[in-house]
Every structure is written in C-alpha cells, then in structure tokens.
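Here is my note on the structure shown next. Please read it alongside the coordinates.

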Amino acid sequence: MEDILNQGILLGILAAGVRLATPYLMAALGEMFTQRSGVFNLGIEGIMLLGAFVGFFATLRLGNPILGILASLGTGAIMGVLMALVSVTFKAEQGISGIGLYMFGWGLSGLLFRLYVGGITSIKGLQPVKIPLLSDIPYLGTILFHHNGLVYLVYILVPFAWFVLYRTTWGLKVRAAGTKPEAADTLGESVDRIRYQCLIAGSAMAGLAGGFLTIGQANMFVDNITAGRGFIAIALVYFGRWSPWGILAGSLLFSMADAFQSMVQVLGINFPYELAVILPYVVTIVALAVSFGRVWAPAALGRAYERGSRG
Amino acid sequence: MKYELRKSWITQILVLLAALVCALLVGAVFILLAKSNPMKAYGVMFTGPFSSKFGISETLVRATPLLLVGLGIVVSFRSGILNIGGEGQILIGAVTASAAATLFFQWPGVFLLPLVLLAGCAGGALWGGIAGWLKARLSVNEILSTVMLNQIAAQIYIFLIRGPLIDPQELLYGTRAPQTALMPETLWLYRLMPGTRLHTGLILSVLLAVLVYVLLWRTTIGYRMRAVGAGPEAARYGGIRVEFYLVLAMALAGAFAGLAGTIEVLGVHHRALEGISAGYGFSGIVAALFGRLHPLGTIPAAVLFGALILGADMMQRAVHIPAAIVMAVQGLVILFVVSSDIFLRKPEYIGQILNFFFPKRKQREGTEAKWKTS
C-alpha cells in the first residue's frame with residue numbers, strides 16, 4: 001500500500017517538475033541569447049510580471065489563450081525595446097537599468113491589475129494535450145506527454161536554441177558581439193543591432209514565460225505572481241554556463257525541488273510552510289555558489305560597446 | 001560606477017529633474033488609461049504632502065527609512081556592489097530588534113534602547129554580509145543573491161512573527177494576528193511634534209548621512225571602499241584587501257537597512273508587524289541614485305520620494321488611482337536617470353544616437369563582412 005502511494009507521489013513530483021520547468025527554461029533561454037550578445041538583462045522579472053498580466057488579461061477579455069500567448073510575447077518584446085534603448089543606445093549601467101525595469105514591470109502589472117481586474121478572477125487557460133501513443137507509455141507517458149502546448153514548445157526550443165547559437169551565421173554574430181564586440185564591429189556588423197535583436201527576442205521569451213504562469217499554470221493573476229522566478233532564471237543561465245543543455249539541466253533540477261516543496265505542502269507533512277517555501281531560493285544560492293570556479297562567461301558581458309574605447 | 005561629478009551641480013539637478021518629469025509624463029499616460037485626469041491626480045499627489053502639518057510630518061516619517069536604506073545603497077554601490085537586498089535586510093533588522101526587545105525587556109531603557117538598535121543593525125549587517133561574502137569568496141552575483149535573500153527573509157520574518165515571536169495577547173484572544181508584542185514605552189522613540197508620528201529617527205538618519213560622507217571621503221576605509229568600487233583589480237594591485245572591503249561594504253549597507261527596519265518598529269509601529277517595509281528597500285535605491293550616490297544628496301532625494309510615496313497614497317484615496325503606480329514611476333525614474341547619464345558623460349554622443357535611429361545614408365554598402373559558421 002505504502003509503495004503504491006509513494007510511486008504515485010514520485011510520478012506526481014516528476015510530472016509536475018517537467019511542467020514547472022517551463023517558465024524557468026523559457027526565460028533562461030531568452031536570457032542566454034541576451035547575455036551571449038553581451039547584455040545583462042536583469043529586468044526579466046519585471047518583464048515576466050507584465051507578460052503574465054497582459055497574457056492573463058487578453059485571455060480573460062478575448063477568451064482565447066492563444067491570443068493571450070501572443071499578447072505576452074508582444075509585451076515582452078516591447079519591454080525588450082525599452083531595455084535596449086536604455087542599456088544599448090544610452091549605454092547605461094546594465095545592473096541598475098535592470099533594477100529599474102524590474103520595478104517598472106512590477107509596479108505597472110500591479111497597477112493594471114488593480115485598475116482592470118481587482119480581485120481573484122479565473123480564466124480558462126491552456127488545456128493539457130495528450131500526445132497519442134506516447135502518452136500511453138507507462139510512467140513516462142504521464143511524466144512527459146501529458147502537458148499543455150507551451151511545455152512541449154519550450155523543450156523543442158532547447159535543441160533549436162543550440163542550433164541557432166552554434167550552427168547559424170546569426171548565432172556566430174551574437175557570440176561575437178558578446179565576446180569580442182570590437183571584432184564584430186571591425187567586420188562591419190553593428191554590435192548595437194545584434195544586441196537589440198537579442199534583447200527583443202529574449203524579452204519576448206521572458207514575457208511568454210510570464211504568460212505561462214497565468215495562462216498555462218495558475219489560470220489567474222495575483223500580485224507578484226513570479227515570486228523571483230525571473231531572477232532564478234538568470235541564475236540558471238550562470239549555472240548552465242550559457243549553454244542550452246546546461247540550462248535545461250539546471251531548470252529541471254530546480255523545478256524538481258519546486259515540485260517537491262509544493263508536494264510537501266499538499267501532503268501536509270509536518271514541516272513549517274514558510275521553511276518549505278524558501279527551499280527554491282536556497283537552492284538557487286547554492287547553485288550559484290557551486291558554479292564558482294567555472295570562470296567562463298561572455299567576455300564583454302555587461303559592458304556597453306562604445307566604438308573607439310578600450311574595453 | 002560612472003557617477004563622477006563632472007558637470008556643475010546646476011546641470012546635474014536639471015538633468016535629474018528632467019528625468020523625474022519624463023517619468024511622471026509616462027505615469028500620466030497610465031492615469032489617462034485609468035480614465036482619470038492626470039492634472040487633478042498629480043495636483044493631489046504634489047500638493048497633498050506639503051499642505052498640512054500631517055502631510056509634512058508623514059512625508060518625513062517616510063523619508064527616514066528611505067534615507068537610511070539609501071545611505072546603505074550609497075556605501076554598497078560606491079564599493080561596486082549592486083545591492084538590491086534592502087527589503088530583506090529591513091525585515092531581518094526589524095525582527096532581530098524585536099527579538100532583542102522581547103528577550104531583554106527587563107533591562108532599564110537606557111541600556112535596552114542601544115541594545116535593540118544594535119541588534120537591528122547586526123541582523124541587517126549579517127543579512128547583507130552573507131551576500132557580500134558570497135560575492136567576495138565565491139563570486140556569486142550580488143544582485144541575484146540579494147533577491148534570493150529578500151525572498152528568504154520575507155518567509156523567515158513572517159514565520160517568526162506568526163510563530164515564536166507572536167504577541168502572547170494574540171494567542172490569548174485567539175485572534176492570531178501576525179505581530180509581536182507591543183514594545184515597552186521606554187523603547188519608543190521620542191515624538192518631535194505632538195499629534196504626529198514624526199520621531200527622533202529622522203535626526204539620527206540625517207546625522208548618519210553626514211557620518212557616511214565623512215566615512216567615504218575623509219577616512220582611509222572609505223577611500224579603500226571607493227577604490228574597490230572604481231576598479232577592483234587596480235585596488236588589489238594597490239594592496240587593498242578587496243574581499244574584506246566587499247564584505248564590509250555589504251555589511252554596512254545591511255546595517256543601515258536593518259536600522260531602518262528597527263526605527264520603523266521603535267518609532268512608528270512600536271512592534272513588528274506584517275508589511276512593515278512598504279517597498280522601502282527598493283525606493284531607497286531610487287533615492288540614492290537620485291541623490292547621485294552622495295550621502296548628502298540622498299537627504300533631499302529621500303524627502304522627495306517620501307513625499308511621492310505619501311502623495312500616491314493620497315491620490316489613491318482622492319481619485320482612486322492605485323498607489324502601485326508609484327513603483328512603476330520609480331522604476332521609470334531609475335531608467336531615465338541611468339539613461340541621462342550619457343548626456344553628462346559624453347554630450348557628443350547624442351549625435352551618434354540620432355544617427356542610429358535616423359540613418360542618413362547607408363554607409364556600409366559593399367563592405368559587408370563575409371561571415372562563416374564555425
């Protein structure tokens with residue numbers, strides 16, 4: 001009897017872990033491109049919050065989660081333009097502008113929520129799609145093939161991101177802009193343009209990651225719904241050493257811890273709720289600390305490129 | 001950190017005010033979205049805080065924690081650490097101070113008050129110091145670690161005031177509101193104006209601002225901290241123990257935020273309760289940046305943003321614009337302030353920026369590089 005129960009719990013944790021990895025993975029893959037091009041986008045938490053609200057609101061008003069997803073993507077892209085304007089064009093200190101973007105997204109999402117919604121309102125979000133045949137595989141089917149569309153999408157994006165980064169011309173330009181912007185500039189590539197592209201694409205993905213939280217997971221919006229997930233995603237980029245596969249591993253490790261702690265709460269195991277909640281944040285700090293010594297990072301990360309200045 | 005005071009004070013103040021005006025203009029768009037009149041809303045927001053004894057005193061009550069947090073931000077940013085852990089450091093400071101007051105309540109007030117203040121500082125210093133140590137020893141990005149520590153602190157805080165430190169009265173009556181017991185009156189900070197909440201914490205924080213100025217610009221320790229901020233490698237080459245000063249700067253920043261939390265407890269609420277910080281950890285960053293990362297500049301900036309926060313509350317009541325707008329506006333202020341920096345640093349750059357958006361002619365035709373994938 002106990003064995004069956006434990007098996008069910010384990011399956012539940014694994015399946016939830018696969019699903020919960022989605023927002024981390026989505027935001028971290030976007031951030032990976034941004035950082036590879038040399039820009040630190042610390043504002044993705046704010047972008048996720050705004051994306052989460054706009055996606056939720058569009059779904060609520062238009063009744064179609066697909067439109068909600070598009071709205072989240074668009075919101076993220078607009079925030080990306082804003083960040084690019086500040087960090088690339090005006091060459092502002094990227095850490096500080098990230099804090100500004102975070103506060104802006106946080107405040108604006110809270111403001112719009114209070115103005116247009118006000119209280120707890122549910123939406124009909126994305127429904128799980130069972131993949132025929134594959135979802136019938138015992139155990140694995142439940143864990144891997146019984147999720148909503150965005151979950152499948154983000155896992156497909158992992159190899160795709162790898163391909164784009166390492167096997168396309170654009171990917172090479174991105175890596176050049178982040179490692180040796182002078183070289184890219186000398187070859188006639190506009191470093192600023194590449195960084196704009198990466199920031200907009202990466203921020204759109206962050207917006208979608210936020211949208212997943214409301215449309216694909218909670219089916220509602222609450223204030224500060226991201227609860228630090230955007231920052232955790234940035235930590236995952238470090239942990240994953242700026243590689244899609246590393247980020248995938250980190251996201252899964254992380255979401256499993258998350259699934260485990262929510263399971264602890266659901267099962268009512270005698271453990272203070274507050275202490276269970278801090279687990280993901282402690283794991284993040286530990287993950288960042290053990291990444292110590294892996295010194296490789298995009299060489300020009302965080303440095304605004306100014307032609308003629310010596311880096 | 002590129003905040004050298006290159007231009008005259010007047011230019012700097014004008015640029016800062018322009019940044020604030022731009023942020024407020026964008027804010028006006030949001031007010032329009034809310035189908036309200038921006039002129040009327042901002043009218044309430046800017047006249048309210050200055051038009052009565054209540055308004056002025058409450059502005060200063062809010063400016064006090066902003067200034068304290070801001071001073072910590074000045075110390076840490078000047079030392080090259082982007083500390084956004086103010087929120088968590090405030091909470092830990094407030095709760096360690098309350099714990100000290102609960103444990104040693106039988107001590108006479110003369111000893112107890114300094115003890116409680118020190119306990120609050122120590123709690124905040126520990127919380128900030130963790131992030132400093134992680135950065136110095138394990139090169140953990142301080143922005144990420146402080147955000148995580150904020151989340152952890154929020155949970156620890158609520159756990160303690162709901163559990164071990166809860167007011168015994170709350171248990172007795174079964175209401176179980178998460179708050180600590182009322183502090184003994186010997187610990188309450190003296191109220192400066194009868195009938196208002198303005199307390200001596202304001203004087204303390206202004207004195208500390210002067211002290212921070214002396215520390216940073218008139219002592220060796222301050223010089224070394226600024227050297228670490230200006231360039232850690234050069235500082236190391238110059239024989240400065242970079243790691244030590246990173247931890248010290250973060251511990252100091254944490255101590256200031258912890259003190260802000262303690263002062264909120266002792267001066268305003270007289271107990272630790274839920275939602276004690278009201279975003280001061282973030283608004284303190286805005287105040288410090290607006291004060292050009294100078295301790296004395298942070299004083300007027302803290303008053304300005306104290307008024308802004310109070311004004312937003314008044315606006316919410318008068319014209320029903322949610323006060324959350326103030327967070328969005330503050331975020332915009334940061335974005336505009338850091339963006340305007342380039343105009344002070346490199347005025348000639350403006351032309352290049354215009355070129356980027358409105359290219360006059362295609363310059364690179366024919367010289368397109370041949371890229372190959374690896």
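1. Confidence by element. Within chain A, helix α2 (residues 44-62) scores highest, at 95, and helix α5 (residues 140-144) scores lowest, at a mean of 75. The score is pLDDT, the predictor's confidence in each residue, from 0 to 100. Chain A averages 87, and 95% of the residues score at least 70.

2. Ground rules. This is a predicted model: local features need pLDDT of at least 70, side-chain atom pairs count only at pLDDT 80 or more, and totals for chains, interfaces and linings use all residues. Residues are numbered from 1 along each chain as its sequence is written, while chains are lettered from A and ligands numbered from 1 in the order in which they are written.

3. Fold content. Chain A holds 13 helices and two strands. These are DSSP runs, numbered from the N terminus: helices are H or I, at least four residues, and strands are E, at least two.

4. Take the contacts in chain A with a separation of 6 or more: 78% of them join residues 24 or more positions apart. Contact means C-beta atoms, placed from the backbone, within 7 Å.

5. Interface. Chain A brings 50 residues to the contact and chain B brings 45 residues. On the chain A side, α4(A) gives the most, with 16 residues. That side divides into 31 nonpolar, eleven polar and eight charged residues. Nonpolar covers Ala, Val, Leu, Ile, Met, Phe, Trp, Tyr, Cys and Pro; charged covers Asp, Glu, Lys and Arg; the others, Gly among them, are polar.

6. Extent. The C-alpha atoms of chain A fill a box of roughly 70 × 45 × 40 Å along the principal axes.

Methods:
Two residues are in contact if their C-beta atoms, placed from the backbone, lie within 7 Å.
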